[in-house]
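The stops below run from whole chains down to single residues.

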Amino acid sequence: MMKWILVGLSRLVSGARARWVGCEPHPRQRIYFANHTSHLDTLVLWSALPPSLRPLTRPVAARDYWGATAPRRYLAERIFNAVLIDRVPADPLANPVAEMVQALGDRQSLIIFPEGTRSLTGEPGIFKSGLYHLARERSDVELVPVFMENLNRILPKGSILPVPLLGGVTIGAPIRLDAGEEKADFLARARGAVLGLRSA
Amino acid sequence: MKTLIIPVILLGTLVPALAPVDGPARWLLEGVLVLLVVASVTGWVLSRRVTSERGRKTVENMNVRIRAWWFMAAVFGLALFIGRIGTTVLFGLISFLALREFITLTPTRPGDHQTLFWVFFVITPLQYYLVGMEWYGLAIIMIPVYAFLFIPIRSALQGDVKEFLERTAKVQWGLMVCVYCVSHAPMLLSLEIPGYGGQNEKLLFWFVLVAQLSDVLQWIWGKSLGRHKIAPLVSPNKTWEGFVGGVLSATAIGAALWWATPFTPVQAGAMALAITLMGFGGGLVMSAIKRDRGVKDYGAVIEGHGGVIDRIDSLCFAAPVFFHLTRYWFAA
């Protein structure tokens with residue numbers, strides 16, 4: 001019930017529906033990686049997936065934000081079944097990548113925002129290395145780039161009031177980590193794959 | 001198949017809604033329904049016949065329009081049923097959706113965010129609230145005076161000076177076209193026209209019908225006879241043949257439907273002429289904006305959303321002019 005209200009709300013505020021330009025919705029294991037400009041990104045991308053894929057797809061989210069208050073925790077844990085990650089681990093031995101690999105299991109997909117934080121300008125920042133490590137550990141999982149459009153205008157960083165413009169979710173063709181590809185090259189290529197969807 | 005399913009569903013809701021309506025209003029509605037059924041069947045037959053890529057596009061475009069008319073007809077059928085307040089709310093929603101498309105297409109900066117929140121959630125509802133409560137004196141100046149002054153003040157407080165004039169001008173313009181102009185259509189329901197009491201929804205219906213028919217007829221004439229383009233850079237579809245044919249035929253139909261209005265046949269023809277000319281102008285201006293922003297349809301801004309502005313551009317420009325002409329010459 002709560003899920004449907006949220007999905008409806010997300011559609012209403014952002015007008016966003018998924019445009020699958022590079023692949024079809026499919027229950028195979030995937031990591032959807034997207035640019036990050038708004039707190040709405042997680043909700044909108046998750047809502048844009050077909051209902052059958054939503055329970056199989058877990059957003060990776062920052063514990064310091066999504067775990068901070070009871071309502072956020074409720075959304076993260078009960079609705080999205082999010083994987084909460086410490087951006088600044090208290091325990092130096094903690095390994096976020098291992099947590100994500102564990103969350104993938106043998107049937108789950110993930111949504112990640114490799115910039116690690118929301119960009120202020122709408123222009124994606126540098127991708128952090130988590131995506132690279134995930135790609136190395138789980139080469140069997142498809143890496144699917146997603147471009148989130150206009151959400152920074154709907155609910156920008158630092159604002160709590162949304163403006164109901166039309167947003168967009170464009171889902172592109174999967175990429176892979178090539179044999180012997182350097183970390184920096186791969187991350188730049190992944191960022192390019194997301195940006196390439198802007199005009200798709 | 002979509003071409004036929006939607007009409008069938010809408011017909012199912014329209015016919016019962018029509019039951020309590022009689023007299024000229026009923027003839028108008030029935031005429032529109034017959035027209036739409038004919039259009040849908042034609043569209044469906046054509047969609048099965050065409051083979052060329054270009055023909056397919058034209059037919060698809062036509063079928064999109066037909067579906068939009070069905071929707072509008074259903075909305076109006078419903079509006080007749082639920083009265084003035086319901087109609088005002090419906091036009092308010094149309095304004096909201098149109099403004100959303102307009103602002104999405106217009107580059108704004110983070111400094112405009114708070115202003116836009118006011119525009120969508122305070123100014124737009126307030127305008128329709130004023131229309132609904134029939135406070136004519138304030139409804140007619142709220143956006144041109146108070147919103148006009150408020151918007152730059154709110155944006156200036158945000159402290160971002162980059163392209164300040166362009167940004168505030170765009171927001172104000174969007175409000176004027178999508179909200180202020182459109183709100184003149186439901187305002188027709190509040191005019192007190194001697195000898196026409198309690199029949200204003202017919203006038204609104206007639207107005208929307210003439211504005212929409214003018215669009216359609218210009219398109220049909222242009223597709224069949226169009227040779228000489230009026231403004232090829234702005235709108236390659238608009239031709240002199242389509243313009244003249246569409247304006248004349250829509251004016252003739254408007255005059256022929258005089259019995260639904262408070263006008264004589266000649267007056268109805270003159271009003272219809274004003275509506276079609278303004279409608280043509282509206283279509284042209286909104287296309288110029290689209291071309292400048294590099295899109296073909298407002299609905300194509302983000303795929304899967306119907307272009308509300310594409311359907312109401314002529315109505316936006318015609319509504320205030322028709323409202324004031326009627327108010328000045330016919331209202332008490």
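What follows is a tour, one selection at a time.

**Before you start**

This is a predicted model, in which local features need pLDDT of at least 70, side-chain atom pairs count only at pLDDT 80 or more, and totals for chains, interfaces and linings use all residues. Residues are numbered from 1 along each chain as its sequence is written, while chains are lettered from A and ligands numbered from 1 in the order in which they are written.

**Stop 1: colour by confidence**

Colour by pLDDT, the predictor's confidence in each residue, from 0 to 100. The model scores are ipTM 0.79 and pTM 0.85.

Select chain A. Its mean pLDDT is 86, and 96% of the residues score at least 70. Confidence in chain A is lowest in helix α1 (residues 2-14), at a mean of 81, and highest in strand β2 (residues 30-34), at 94. Helices here are DSSP runs of H or I with at least four residues, strands are runs of E with at least two, and both are numbered from the N terminus.

Now chain B. The mean is 86, with 89% of the residues at 70 or more. Where in chain B is confidence lowest? Select helix α1 (residues 2-18) of chain B, which has a mean of 61. At the other end of the scale, helix α5 (residues 136-139) of chain B has the highest confidence in the chain, at 96. Where pLDDT is low, the predicted coordinates should not be read in detail.

**Stop 2: chain B as a whole**

Switch to cartoon. Chain B has eleven helices and zero strands. Of its 332 residues, 44% count as buried. Buried means 20 or more other C-beta atoms within 10 Å of the residue's own; exposed means 12 or fewer, and partly exposed is in between, with C-beta atoms placed from the backbone.

Next, contacts: two residues are in contact if their C-beta atoms, placed from the backbone, lie within 7 Å. Among the contacts in chain B with a separation of 6 or more, 70% come from residues 24 or more positions apart.

**Stop 3**

Select B 24-49, helix α2. Its 26 residues reach 37 Å from the first C-alpha to the last, close to the 38 Å expected at 1.5 Å a residue. The expected span is 1.5 Å times one less than the number of residues. Show side chains for L28(B), L29(B), V32(B), L36(B), S40(B) and G43(B), which are buried in α2(B). An α-helix has 3.6 residues a turn, so residues three or four places apart point the same way.

Move to B 200-225, helix α8. Its end C-alpha atoms are 37 Å apart, which agrees with the 38 Å that its 26 residues should span. This helix is mostly covered: 20 of its 26 residues are buried.

**Stop 4: a helix crossing**

Select α9 (residues 240-256) and α10 (residues 265-293) of chain B. Their axes come within 7 Å and cross at roughly 145 degrees. Axes are lines fitted to C-alpha atoms, for helices over the stretch in contact, and angles run from 0 to 180 degrees between N-to-C directions. On the α9(B) side, pick out contact residues including F243(B), G246(B), V247(B) and A250(B). On the α10(B) side, they include A268(B), A272(B), L273(B) and F280(B). By class, this contact has eleven nonpolar, five polar and no charged residues. Ala, Val, Leu, Ile, Met, Phe, Trp, Tyr, Cys and Pro count as nonpolar, Asp, Glu, Lys and Arg as charged, and the others, Gly among them, as polar.

**Stop 5: between the chains**

Show both chains. The contact takes 13 residues from chain A and 15 residues from chain B. The chain A side divides into six nonpolar, four polar and three charged.

**Stop 6**

N150(A) lies in the loop between β6 (142-149) and α7 (151-154) of chain A. It is partly exposed, with 19 other C-beta atoms within 10 Å.

Go to E163(B), in the loop between α6 (142-158) and α7 (164-187) of chain B. Its phi is also positive, about 50 degrees, and E163(B) is not a glycine. With 14 C-beta neighbours inside 10 Å, E163(B) counts as partly exposed.

Finish at L155(A), in the loop between α7 and β7 (168-171) of chain A. Is L155(A) buried or exposed? Buried, with 26 other C-beta atoms within 10 Å. Not counting residues up to four places away in sequence, L155(A) touches S38(A), H39(A), L40(A) and P162(A).
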